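This report describes the strand and helix packing of one protein model. Please consult the sequence and the structure shown below while reading.

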Amino acid sequence: MTVFDDLVGQDQATAVLSRAAAAAGEVVSGGRGAGMTHAWLFTGPPGSGREYAARAFAAALMCPDAGCGHCDQCHQVMIGSHPDLESVRPEGLSYSVKQTRELILRAAGAPTQGRWRVILFEDADRATESAANALLKAIEEPPPRTVWLLCAPALDDLVITIRSRCRLVTLTTPSTEAVAHVLATRDSVPWETATFAARAAQGHISRARALALDEGARRRREAVLSIPRSLTGVGECITAAERLVKTAEEEAAAATAALNDDETSELRKIYGEGSTGKGLNRGLVRGGAGALKELEDRQKSRATRIKRDSLDAALLELVSFYRDVLAMQFGAAVELANDDIRFDLDQLAKRLTPEETLRRIDAIMQCRERLAANVNPQIAVEAMMLALRG
Ligand SMILES: [Zn+2]
């Protein structure tokens, strides 16, 4: 098993990244490490797993075994708590020059664990022009142990000066067949369930796995897909919005609670907390309180991120619903993501015009943008539900 196992259907990218991770290991042990580069650009359509690939590569850089997938280093990178990995998203709709400069400053520090300092720059296409210029300087003269991993949908989304300095990793959306195959062989999922999950997840392997193995994930999907037919009046729209936001909160709480407990007790062990210590900082040796505070800040921002991701996943589910409706309206011979609820799709396809369907997709995309810009979720989702009504 390696950290690259879940990069389904990305053989070429996996080969490049594995080789580079091995070269990076040579550099750490004093060798030349030909093939290692300080700036990487991961491109691919949504769902192709570009952020996932970048994260897996970060794990392979930190891991003494080039990405074994089960050591502490790999684990910390994959759950987003590694001290030498900084994963950033734009604050609001784009990266400001201020946010980028602060990041560059932090990127210049030496790695605390002695290997690499990795900056994972998600949505690099959202850097403003001045932010891109600041970034360019940082990429041109990187500190010896700093690696930049930029992610963007397509090559054209970045200014040429930046992309010409990055090594390119191109990802593609894996086919339903490829994803189903992995679920069936590696997770022993029955073929029919595997196909359903792969189709519903539209190439997102981790999403497909959750749908195949987790009853709760399947139930949440059903709840989301039942939203369009429930929006009969204003009151129903508001209730639907409340429910969607609350579900995202609960999902995030469940996902973070387990992670947080593990990390906190691990940190307390490192700093030698006495068994009688009850208060937050009591019994921790010097430096422990600061480290604990830092960990708590990191956990808080991760909780926010998971909540936002979970809400975004639900919105993408809704987009897939209306895209299926649109495909039916045009009689397009494409695979429907939500083939299991064909009846619902068909009903709506007959009632709406294609223009009305498109307007609904727009409303969902606008809601996603507003959420990314930190608009209050309840307000943004309510406005969207009202636009989906009827
Ligand atoms: Zn490892």
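A residue is called buried when its relative accessible area is under 20%, exposed when this is over 50%, and partly exposed in between, with a 1.4 Å probe and protein chains only. Helices (H or I, at least four residues) and strands (E, at least two) are DSSP runs, numbered from the N terminus. The model is a predicted one, in which local features need pLDDT of at least 70 and side-chain atom pairs count only at pLDDT 80 or more, whereas totals for chains, interfaces and linings use all residues. Residues are numbered from 1 along each chain as its sequence is written, and side-chain values use heavy atoms, with hydrogens and water left out.

In helix H8 (residues 191–201), the buried residues are Ala194, Phe196, Ala197, Ala198, Ala200 and Ala201. Contact here means heavy atoms within 4.5 Å. The cover over these buried residues of H8 includes helix H7 (176–186), helix H9 (205–213), helix H10 (215–225) and helix H13 (288–329). After H8 comes Gln202, which has a positive phi near 50°.

**The sheet**

Two strands pair if DSSP finds at least two bridges between them. Five strands form an open sheet in the order E2-E3-E4-E1-E5, and their pairing is parallel. Strand E2 (85–88) and strand E5 (167–170) are at the edges with a single partner strand each, so one side of each has no neighbour in the sheet. On average, neighbouring strands of this sheet are turned by 15° against each other, direction ignored.

Strand E4 (residues 146–152) runs parallel to strand E1 (residues 39–43), and 5 bridges join the two. Within this pair, Ala39 is opposite Trp148 and Leu41 is opposite Leu150. E4 also runs parallel to E3, to which 5 bridges join it; there, Leu120 is opposite Leu149.

How many of the residues of E4 are buried? The count is 7 of 7, and E4 is thus described as mostly covered. One side of E4 carries Thr146, Trp148, Leu150 and Ala152, the other Val147, Leu149 and Cys151, and all of these are buried. Helix H5 (residues 129–140) lies across E1, strand E3 (117–121) and E4, and runs at about 140° to E4.

**Helix pairs**

Two packed helices are described by the angle between their axes and the distance between the axes. Axes are lines fitted to C-alpha atoms, for helices over the stretch in contact, and angles run from 0 to 180 degrees between N-to-C directions. Angles under 35 degrees count as roughly parallel, over 145 as roughly antiparallel, 65 to 115 as roughly perpendicular and the rest as oblique.

| Helix pair | Axis angle | Axis distance |
|---|---|---|
| H2 and H3 | roughly 155° | within 8 Å |
| H9 and H10 | about 100° | 5 Å |
| H13 and H15 | roughly 165° | within 9 Å |

A crossing is left-handed if the near helix is turned anticlockwise from the far one by less than a right angle, and right-handed if clockwise. For residue classes, Ala, Val, Leu, Ile, Met, Phe, Trp, Tyr, Cys and Pro count as nonpolar, Asp, Glu, Lys and Arg as charged, and the others, Gly among them, as polar.

Given their angle, H2 and H3 are roughly antiparallel to each other, and their crossing is right-handed. From H2, Tyr52, Arg55, Ala56, Ala58, Ala59 and Met62 meet Gln73, Cys74, Val77 and Met78 of H3. This contact comprises 8 nonpolar, 1 polar and 1 charged residues.

H9 and H10 are roughly perpendicular to each other. Arg207, Ala210, Leu211, Ala212 and Leu213 of H9 make the contact with Glu215, Ala217, Arg218 and Arg221 of H10. The classes in this contact are 5 nonpolar, no polar and 4 charged residues.

H13 is roughly antiparallel to H15, and the two helices cross in the left-handed sense. Residues in this contact include Leu311, Leu315 and Leu318 of H13 and Leu358, Ile361 and Ile364 of H15. By class, the contact of H13 with H15 has 16 nonpolar, 2 polar and 5 charged residues.

**Two individual residues**

Leu318 belongs to helix H13 and counts as buried because its relative accessibility is 0%. Not counting residues up to four places away in sequence, Leu318 touches Val224, Ile227, Pro228, Ile364, Met384 and Leu388. Pro228 is 90 residues from Leu318 along the chain, with 8.2 Å between their C-alpha atoms.

Lys350, in helix H14 (residues 342–351), counts as exposed because its relative accessibility is 66%. Lys350 and Ser230 lie 120 residues apart in sequence and 17 Å apart in space, C-alpha to C-alpha.
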